[in-house]
Amino acid sequence: MQDKLKSSSYQQLEQKSKYTNMFLRWFLYFVLILFASYFIFPLYVMVVTSLKTMEEIRQGTLLSWPSGLNFESWAVAWGGRGYGAGDTFLRPYFWNSIKMVVPAVFFSTLIGAMTGYVLTKWRFKGDSWVFLFLLFGCFIPFQAILLPMARTLGALGISNSIVGLVLVHTVYGIPFTTLFFRNYYVSVPTELVKAARIDGAGFFKIFFKILLPISAPIIVVTVIWQFTQIWNDFLFGSTFSFGEAAPIQVALNNMVLSSTSVKEYNVDMASAIIAGVPTLIVYVLAGKYFIRGLTSGAVKG
Amino acid sequence: MKTLKIEDLSKNFGSTEVLRKINLEIDEGNFLVLLGPSGCGKSTLLNIIAGLETINEGNVFIDDYNVSKVEPKDRNIAMVFQSYALYPSMNVRENMIFGLKQAKTSKEKIEQQLEKVSKFLQVDQLLERKPSQLSGGQRQRVAIGRALVREPRIFLFDEPLSNLDAKLRVEMRREIKKLHQQLKTTVVYVTHDQTEAMSLGTRIAIMNHGVIQQNDTPENIYNKPSNTFVADFIGSPSMNLIKGSLKESSGEISFTANGSNFEIPVKGYEFKDKSNLNNKEVFFGIRPEHIYFKKSNESDFEVTLRADLSEYIGHEQIMTFDYANQEILAKFPSTIKIELAKETKLYFDLTQTSLFDAQTEERI
């Protein structure tokens, strides 16, 4: 068929497909840029507004460039104005969140890793049911457990405390972390565990010496996931804590909504960015492992 | 004293019976191959010997000591796995001494063992490498090394060569054979590859559906299969099993295939039991390589068969003939030219035949 085509018609076809390709390419860029700006736009407004003075905000438009790099609202958001009562600022709550997120991420990841290890390498009767019920935990709406959890925390004497929030987040992280680790360990050859048992290693030794050292990708995934979930959580924070013990998201809400006088948009924007920065940092530092961990298959020995 | 003895061992996973009343004994220094199709229970049996699986019934003895409830590490065994199972986060040195460290062996002893074994297996240059930086053959060697440093009473191999490419597999097979010749340790080796089994084993136990079909020397497995399963499983192509019946007249026993008009005398055959042979339904077994194109022994029996199919495989050819509407295969050097769809004279080597009861499928 093809050799019957004349060379001139070949050239025509070539030319035609060249134009079509060029058009499609430009169209692709156009759509991408459009969508990208749609996503970047709110961030732009936030950053720009946080750098403006209230004067500028009142006069200017939403999109206009600030007159200078004015970090005053950032300082106010972080450390307050220093006039005592009624002055809410983020610093203490930021540390609250850190104190909550670090142990909660650590424990939920460790427990999830252990559960995943048991469910794949130390199979027992009914283990698939245990896993099924754990999975079920991923789908329970958190609102449904607020009241029983409040009672539990009260009974344990840790309501309205960071410790209480650590417990809540650890418990509700376990279904997700177990799922991650189980799916990862399923692809690790069980022969590794057998070999280690013959070599005389026990349950914990096999976990800490053999499996955990090869779990870096999935640990990164779990840590990012848990960090984001716990840091950004508002529901548990606002339900189980108030005042001094509140995490940053709750404090941010109080700051932005409870100001009685004029709305200080620049301080609000700066606060919102501060509250969001830690998750961004975690993503930037570990992002490439995130993708790698999600897609990593079998661990070859 | 038997190095390994297995007594009436049964194992089931839920309602699935995996092993049924297994009895097995190995003398010191023997190389026992467990051979069978996938799902026959051979790997489960090996795991039970290692202590990695529990037993439902029966006992395992190592050096006359009942180890049925003993932890794997205390059984004085070492195992080499199909995937090698080298610890990915440790380098070769750490991999090899992990077991000795767990057993709290003294530092000097560990170093001594490591040096001896790594030199012996020629991995002493690789000690600082991670498993991911090794080739397949090197990994295999390290895995064997990890087993060797523990100086076990019994080596267990679980299909150690099936992850290697064909060429390397043949090389490693020879190395394992050499290793066994030098060390003379007792070995239990699981494989589904009959060439591996034949070339390595001093004894072969053929398994099917959780039952040992025959436990014998490679020669006997090949020449005197104890039932049709073994006859069919060993050899490539497998043994021809021709359906027919025996006839006894005035002390002479002969075989007639169903629908055929000539008798094959089987007077030279060593029957287990000579009674009640007349009119017995049997399978007459002859291997493709024992059907000749030229008469070579006085006792060879001449038949004339039609050639239906020819498969050329380089150094030899496999021909399919029609024997009273039953297909039989023969193996010839590829230099022989045989015309298809023509009657051809062939010679059965009657010293190499097997007879099986058609009902029980057991050798008679």
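This is a predicted model: local features need pLDDT of at least 70, side-chain atom pairs count only at pLDDT 80 or more; totals for chains, interfaces and linings use all residues.

User: How many residues are in contact between domain 1 and domain 2 of chain A?
Analyst: Domain 1 of chain A puts in 14 residues, and domain 2 of chain A puts in 11.

User: Which elements on the domain 1 side of chain A give two or more residues?
Analyst: Three helices of chain A are listed: H1 (7-50), H2 (54-59) and H3 (72-79). The largest share of that side comes from H3(A), with 6 residues.

User: And what classes of residue make up that side of domain 1 of chain A?
Analyst: The side of domain 1 of chain A that touches domain 2 has 8 nonpolar residues, 5 polar and 1 charged.

User: Let's stay in chain A. At what angle do the axes of H5 and H7 of chain A cross?
Analyst: At roughly 125°. The axes of helix H5 (residues 127-139) and helix H7 (residues 162-186) of chain A come within 8 Å. H5(A) and H7(A) are therefore oblique to each other.

User: Is the crossing of H5(A) and H7(A) left-handed or right-handed?
Analyst: The crossing of H5(A) and H7(A) is left-handed.

User: Which residues make that contact?
Analyst: H5(A) uses Phe131(A), Leu134(A), Leu135(A), Gly137(A) and Cys138(A). H7(A) answers with Pro175(A), Phe176(A), Thr178(A), Leu179(A) and Arg182(A). By class, the contact of H5(A) with H7(A) has 7 nonpolar, 2 polar and 1 charged residues.

User: OK, new topic. How many residues of chain B are in contact with chain A?
Analyst: 21 residues of chain B are in contact with 16 residues of chain A. On the chain B side, strand E6 (77-80) and helix H2 (92-102) each give two or more residues.

User: What are the classes on that side of chain B?
Analyst: The chain B side that touches chain A divides into 15 nonpolar, 5 polar and 1 charged residues.

User: How is chain B divided into domains?
Analyst: Domain 1 of chain B is 4-233, and domain 2 of chain B is 240-357. Their C-alpha centres are 39 Å apart. The contact takes 5 residues from domain 1 of chain B and 5 residues from domain 2 of chain B. On the domain 1 side, those are 2 nonpolar, 2 polar and 1 charged.

User: Now the sheets. What is the strand order in the open sheet of 4 strands in chain B?
Analyst: The order is E2-E1-E4-E5 in chain B, with antiparallel pairing. Strands E2 (16-26) and E5 (65-66) of chain B are the edge strands, and each pairs on one side only.

User: What holds strands together in a sheet?
Analyst: Strands of a sheet pair through backbone hydrogen bonds, either parallel or antiparallel.

User: How many bridges join E1 and E4 of chain B?
Analyst: There are 5 bridges, in the antiparallel sense, between strand E1 (residues 4-13) and strand E4 (residues 57-62) of chain B. Glu7(B) has Asn59(B), in E4(B), as its bridge partner.

User: What about the sheet of 6 strands in chain B? What order does that have?
Analyst: That open sheet runs E6-E7-E8-E3-E9-E10 in chain B, and the pairing is mixed. Its edge strands are E6 and E10 (211-216) of chain B. The twist averages 15° from one strand to the next.

User: Do E7 and E8 of chain B pair in the parallel or antiparallel sense?
Analyst: Parallel, over 5 bridges. Strand E7 of chain B is residues 154-158, and strand E8 of chain B is residues 186-191. Ile154(B) stands opposite Thr186(B) in E8(B).

User: Which helix lies across E6 and E7 of chain B?
Analyst: Helix H4 (residues 136-148) of chain B does. H4(B) runs at about 175° to E6(B).

User: Last topic, the backbone. Where is the cis peptide bond?
Analyst: From Ser236(B) to Pro237(B), with omega near -10°. Pro237(B) lies in the loop between helix H8 (228-233) and strand E11 (240-249) of chain B.

User: And what is phi of Asp63(B)?
Analyst: Phi of Asp63(B) is near 50°, a positive value in a residue other than glycine. Asp63(B) sits in the loop between E4 and E5 of chain B.

User: Why point those two out?
Analyst: Because most residues other than glycine have a negative phi, and most peptide bonds are trans.

Terms used
Residues are numbered from 1 along each chain as its sequence is written. Chains are lettered from A and ligands numbered from 1 in the order in which they are written. Two residues are in contact if their C-beta atoms, placed from the backbone, lie within 7 Å. Ala, Val, Leu, Ile, Met, Phe, Trp, Tyr, Cys and Pro count as nonpolar, Asp, Glu, Lys and Arg as charged, and the others, Gly among them, as polar. Domain bounds come from an automatic or database domain assignment. Axes are lines fitted to C-alpha atoms, for helices over the stretch in contact, and angles run from 0 to 180 degrees between N-to-C directions. Angles under 35 degrees count as roughly parallel, over 145 as roughly antiparallel, 65 to 115 as roughly perpendicular and the rest as oblique. A crossing is left-handed if the near helix is turned anticlockwise from the far one by less than a right angle, and right-handed if clockwise. Two strands pair if DSSP finds at least two bridges between them.
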